[in-house]
Amino acid sequence: MKDLLRIKSLISSDIETLLNQQVKKEAFSSSVYLSMASWCNRNGYDYSSEYFFKQAEEERHHQLKFYKYILDMGGNAISPEVTGIKQEYNSFREVFEEALDQEISVTNSIKNIYARCMKEQDFVSMEFLNWFLKEQREEEYKARRALELFEVIGEEGTGRWQIDKHVGDIKYDSEA
């Protein structure tokens with residue numbers, strides 16, 4: 001049987017472009033978190049390494065959700081090339097500062113897509129993006145709480161070890 005031709009996409013070409021850019025951002029985030037996991041592992045921060053491995057997996061899952069959505073809507077999903085991943089960090093704290101910056105960047109990107117969907121009255125895509133907005137609320141919360149450990153515990157003495165030990169315990173309860 002000849003390949004089926006998709007007659008019409010349910011998303012505009014502008015929304016499709018933004019969604020494909022988001023696929024790349026999620027892939028980039030996943031790679032950044034893998035790099036952070038590697039750095040933490042090399043520097044003896046085992047719990048933080050595990051935390052960032054989980055974050056990398058989560059970002060990869062987000063990438064695939066966007067990718068599949070584009071396809072489901074009749075669009076052309078593009079597999080991204082990811083380059084320019086930082087491998088070295090100056091400090092343990094810098095890793096977590098950059099993780100928060102990464103999450104804020106992703107949130108702003110999703111908000112930008114949402115705003116474009118509102119302009120085009122693409123209610124289906126807006127509904128799809130609602131899940132990601134809730135997810136970003138959790139991701140930013142966890143990243144901020146991890147950074148707060150540096151202030152609460154401090155880095156002196158066994159401080160970094162304590163921070164490392166507690167970073168995996170950070171939870172977000174949206175029902176509270």
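Q: What pattern does the protein follow along the sequence, and what makes a stretch count as a helix?
A: Reading along, you get α-α-α-α-α, with five helices and zero strands. Helices here are DSSP runs of H or I with at least four residues, strands are E runs of at least two, and both are numbered from the N terminus. This is a predicted model, where local features need pLDDT of at least 70 and side-chain atom pairs count only at pLDDT 80 or more, while totals for chains, interfaces and linings use all residues. Residues are numbered from 1 along each chain as its sequence is written, and side-chain values use heavy atoms, leaving out hydrogens and water.

Q: Why is H2 called roughly antiparallel to H4?
A: Helix H2 (residues 46–72) and helix H4 (residues 123–153) pack at about 170 degrees, with axes 12 Å apart. Axes are lines fitted to C-alpha atoms over the stretch in contact, and angles run from 0 to 180 degrees between N-to-C directions. Under 35 degrees is roughly parallel, over 145 roughly antiparallel, 65 to 115 roughly perpendicular and the rest oblique. So H2 comes out as roughly antiparallel to H4.

Q: Which residues of H2 and H4 meet?
A: Contact means heavy atoms within 4.5 Å. On the H2 side, the residues include Tyr-51, His-62 and Phe-66, and they meet an H4 set that includes Phe-128, Trp-131 and Glu-135.

Q: Why is the Phe-52 and Phe-96 pair called tilted?
A: There are 16 aromatic pairs in the structure. In this one, the rings sit 5.0 Å centre to centre, with 45 degrees between the planes. Rings of Phe, Tyr and Trp (its six-membered ring) pair if their centres lie within 6.5 Å; planes under 30 degrees apart are stacked, over 60 edge-to-face, and the rest tilted. The pair is therefore a tilted one.

Q: What does that pair tie together?
A: Phe-52 is in helix H2 and Phe-96 in helix H3 (residues 92–120), so the pair links parts that are 44 residues apart in sequence.

Q: How do you know that H1 has a span close to the expected one?
A: The expected span is 1.5 Å times one less than the number of residues. Helix H1 (residues 13–42) has 30 residues and reaches 44 Å from first C-alpha to last, close to the 44 Å expected. After H1 comes Gly-44, with a positive phi near 85 degrees.

Q: How does H3 do on that score?
A: H3, with 29 residues, reaches 43 Å, close to the 42 Å expected. Just after H3, Gln-121 has a positive phi of about 55 degrees.
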